[in-house]
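Here is a colleague's note, written to be read slowly with the structure open beside it. Please take the points in order.

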There are 2 protein chains.
Amino acid sequence: MRVINFNAGPAGLPLPALERARDELLDFQGSGMSIMEHSHRGKEYEAVHNEAISLLTELLGIPATHQVLFLQGGASQQFAQVPMNFLTAGASADYLMTGVWSEKALDEAKYYGKPRIAGTALNASKGYTRVLKQAELQLDPAAAYVHMTSNNTIYGTQWHTFPEAGRVPLVADMSSDLLWRPIDVSRFSMIYAGAQKNVGPSGIVLVIVAKDFMAKGRTDIPKIFRYSTYAENNSLYNTPPTFAIYLCRNVLAWIKGVGGLKQIEQWNREKGELLYGAIDRNAAFYRAPVEKESRSYMNVVFRLPTEALEETFVSEAKKAGMVGLKGHRTAGGIRVSLYNAVTVENVKALVAFMDQFFKKHG
Amino acid sequence: MRVINFNAGPAGLPLPALERARDELLDFQGSGMSIMEHSHRGKEYEAVHNEAISLLTELLGIPATHQVLFLQGGASQQFAQVPMNFLTAGASADYLMTGVWSEKALDEAKYYGKPRIAGTALNASKGYTRVLKQAELQLDPAAAYVHMTSNNTIYGTQWHTFPEAGRVPLVADMSSDLLWRPIDVSRFSMIYAGAQKNVGPSGIVLVIVAKDFMAKGRTDIPKIFRYSTYAENNSLYNTPPTFAIYLCRNVLAWIKGVGGLKQIEQWNREKGELLYGAIDRNAAFYRAPVEKESRSYMNVVFRLPTEALEETFVSEAKKAGMVGLKGHRTAGGIRVSLYNAVTVENVKALVAFMDQFFKKHG
């Protein structure tokens with residue numbers, strides 16, 4: 001029996017996408033082999049590859065000015081690959097600091113140029129409990145790009161209004177909230193996202209890059225690290241992670257099938273409101289550290305009065321068939337990840353559990 | 001119905017490894033979720049991760065001087081990552097040229113130092129039809145490392161005796177023949193292999209690295225590119241491609257179950273001898289370009305008298321349930337890949353087909 005999975009990533013996947021994979025795991029469309037046993041240069045795999053690209057393009061309304069690429073190495077490799085491509089020694093880039101992942105991105109950029117903190121939400125006593133306001137940003141018009149993290153899985157914060165970067169290219173790590181709702185892709189010169197939250201399994205990174213930005217990339221770096229190499233070869237320069245891309249295709253097809261990103265957003269807003277409602281009606285017991293305007297609809301974090309109660313919460317929830325609720329090791333407490341595969345009914349079950357838990361322990 | 005799959009990679013996988021994945025795709029060991037939906041920091045996934053490492057260690061007899069790492073980006077990324085870690089500007093490394101993949105490795109190294117050709121098997125008229133002899137190598141004792149490609153998928157050549165590099169660290173791309181037989185790992189300072197031939201699906205690279213060599217790696221490069229980062233974190237610094245590693249585990253467990261690498265080698269030698277036998281007994285018709293001493297047991301290449309006959313061969317084989325026989329686009333002709341998932345019976349079926357085909361068209 002399947003459990004209710006609130007994992008932070010790798011996360012639960014929509015059951016229809018998984019069932020499709022299971023049903024054809026030994027024989028893909030009558031070809032006599034698994035999709036993962038097909039050549040990446042064969043027509044069977046290439047159809048899947050191109051369908052994944054076209055579904056993502058359709059769902060997000062990606063304009064013709066941008067191109068979809070598939071890379072490997074996780075968002076963590078992108079932290080290094082973005083500055084490797086777009087910074088030269090001495091050149092600067094602006095980093096907007098909203099959590100651990102922004103910090104890691106900044107650290108890797110230091111090996112290639114002079115990244116600069118153009119705004120930080122870090123509070124010495126509270127840590128990261130919000131994102132940044134436009135008025136707080138000190139942007140450098142000469143920066144090579146502005147880097148941001150759209151959703152912060154550990155601290156449960158999320159940008160609901162994207163910053164204005166003027167003429168400077170805006171680069172966003174959207175690993176933990178890409179596809180949670182429709183967005184205006186044209187505002188970004190680059191979006192990258194490890195797939196293992198809303199899109200697929202780990203081991204594949206989706207990149208959506210503006211062609212004019214990509215054209216400015218360095219050519220004195222190895223071919224395998226240039227975005228242009230992937231673009232020129234439809235992400236088939238070398239062997240891509242074919243099965244991971246196939247699973248993304250299955251998830252993207254599921255999103256389209258249920259009504260696209262408008263429907264997904266409606267569900268995600270309903271899920272978030274249900275859960276934040278349960279927190280707020282017993283706010284002295286379920287203590288949410290994040291400022292309301294910055295609350296994430298993907299990762300909801302809260303504390304209980306004691307760590308012992310937090311442990312009880314996690315273990316009693318597990319007995320009720322709900323897993324993945326333990327907070328990140330650097331933040332503690334409870335974290336509920338509400339990625340696209342989590343249903344409204346799943347959240348209603350959790351909310352009922354929380355109300356009961358409060359009655360018993362509050 | 002499953003076909004007989006002679007694909008060059010991604011390649012066929014052992015049926016029991018795939019069946020195991022299918023049977024538990026929705027519910028891994030009663031946990032209520034797929035292994036790909038598990039956290040990479042949870043005990044369920046970590047057990048799989050560590051089992052994959054210990055199986056590989058056991059099967060290859062990897063000594064305690066070496067460590068197993070899991071990376072992403074394919075062997076193509078290793079072409080750049082090896083010199084990024086071990087070359088400084090002006091430093092040199094020796095490259096042994098035996099095919100297109102050696103050339104690509106050399107090209108990427110040029111961005112970091114001064115790689116040097118220490119021997120080439122390239123013949124102006126014949127291309128690559130053999131590997132190198134020790135006497136042909138002009139090794140530089142001051143080189144940072146010697147780089148070789150153990151098996152050349154496109155040209156069907158393979159090193160049967162590894163070169164002596166003296167005190168210089170020997171680095172081998174074994175993407176297309178790791179696990180075809182037992183080897184003495186201690187002779188290599190680094191072995192890397194994209195998994196999609198003998199070990200698993202695409203999207204995962206196995207690295208076996210000597211700890212003393214790794215310790216010489218540069219620390220002025222981004223953390224995500226340092227081998228030491230993977231080593232210090234048991235390849236869990238960032239989210240690894242969990243499902244790809246799980247599938248490798250299934251394949252490694254299958255290898256152990258059938259008797260380990262001695263049994264695998266016995267089958268591979270039998271397969272190769274059957275197929276080369278079929279070629280040699282009609283050598284004017286099935287023309288094998290590779291010198292006998294350099295013949296690969298993983299990829300067997302041959303030409304037929306005309307390209308039209310080659311097309312007929314591929315299409316008639318397909319009707320007989322055998323696929324993946326078309327040669328690489330740069331080499332043409334026929335290529336038969338005999339990776340571990342291909343059985344002796346599969347090769348006997350092909351040989352019977354070839355003998356019939358010769359009778360009809362020879």
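Predicted model: local features only at pLDDT ≥ 70, side-chain atom pairs only at ≥ 80, totals over all residues.

1. In chain A, seven strands form an open sheet of mixed pairing, and their order is E2-E12-E11-E10-E7-E3-E4. The edges of this sheet are strand E2 (66–71) and strand E4 (114–120) of chain A, each of which pairs on one side only. From one strand to the next, the twist averages 20°.

2. A parallel example in chain A is given by strand E7 (residues 146–149) and strand E10 (residues 170–173), which are joined by four bridges. If you look along E10(A), you will find Ala172(A) opposite Met148(A).

3. Helix H3 (residues 74–86) of chain A lies across E2, strand E3 (92–97), E10, strand E11 (190–194) and E12 of chain A, and runs at about 155° to E11(A). H2(A) lies across E2 and strand E12 (205–210) of chain A, running at about 130° to E2(A).

4. Chain B has an open sheet of seven strands in the order E2-E12-E11-E10-E7-E3-E4, again with mixed pairing. Its edge strands are strand E2 (66–71) and strand E4 (114–120) of chain B. For an antiparallel example, turn to E2(B) and strand E12 (residues 205–210) of chain B, which are joined by six bridges; here Leu69(B) stands opposite Val207(B) in E12(B). Helix H3 (residues 74–86) of chain B packs on the sheet, and its direction makes about 155° with that of E11(B).

5. How is chain A divided into domains? The domain assignment gives domain 1 (15–257) and domain 2 (259–361) of chain A, and the centres of domain 1 and domain 2 of chain A, taken over C-alpha atoms, are separated by 27 Å. To their contact, domain 1 of chain A contributes 28 residues and domain 2 of chain A contributes 26 residues.

6. The area buried between domain 1 and domain 2 of chain A is about 2,300 Å², with 57% of it given by carbon and sulfur atoms. Between these two domains of chain A there are zero salt bridges, whereas 16 residue pairs are in polar contact. On the side of domain 1 of chain A that touches domain 2 of chain A, H7(A) gives the most, with four residues.

7. Which chains' contact takes 61 residues from each side? Chain B and chain A meet in this way, and they bury about 4,800 Å² between them, 57% of it on carbon and sulfur atoms. Leu26(B), Met36(B) and Glu37(B) supply 14% of the area that chain B buries against chain A, which is more than any other three residues supply.

8. Across the interface of chain B and chain A there are two salt bridges. Arg2(A) forms a salt bridge with Glu37(B), and their closest N and O atoms are 2.6 Å apart. The count of residue pairs in polar contact between chain B and chain A is 31. Among the elements that give two or more residues to the side of chain B that touches chain A are helix H1 (15–23) and helix H4 (100–109) of chain B.

How values were computed
Residues numbered from 1 in each chain as written. Chains lettered and ligands numbered in written order. Heavy atoms only, no water. Pairing = 2+ DSSP bridges. Contact = heavy atoms within 4.5 Å. Axes fitted to C-alpha atoms, helices over the stretch in contact; angles between N-to-C directions. Domains from an automatic or database assignment. Buried area = accessible area lost by both parts, 1.4 Å probe. Salt bridge = Lys/Arg side-chain N within 4 Å of Asp/Glu carboxyl O. Polar contact = N/O pair within 3.5 Å; in protein donor to acceptor, adjacent residues only side chain to side chain.
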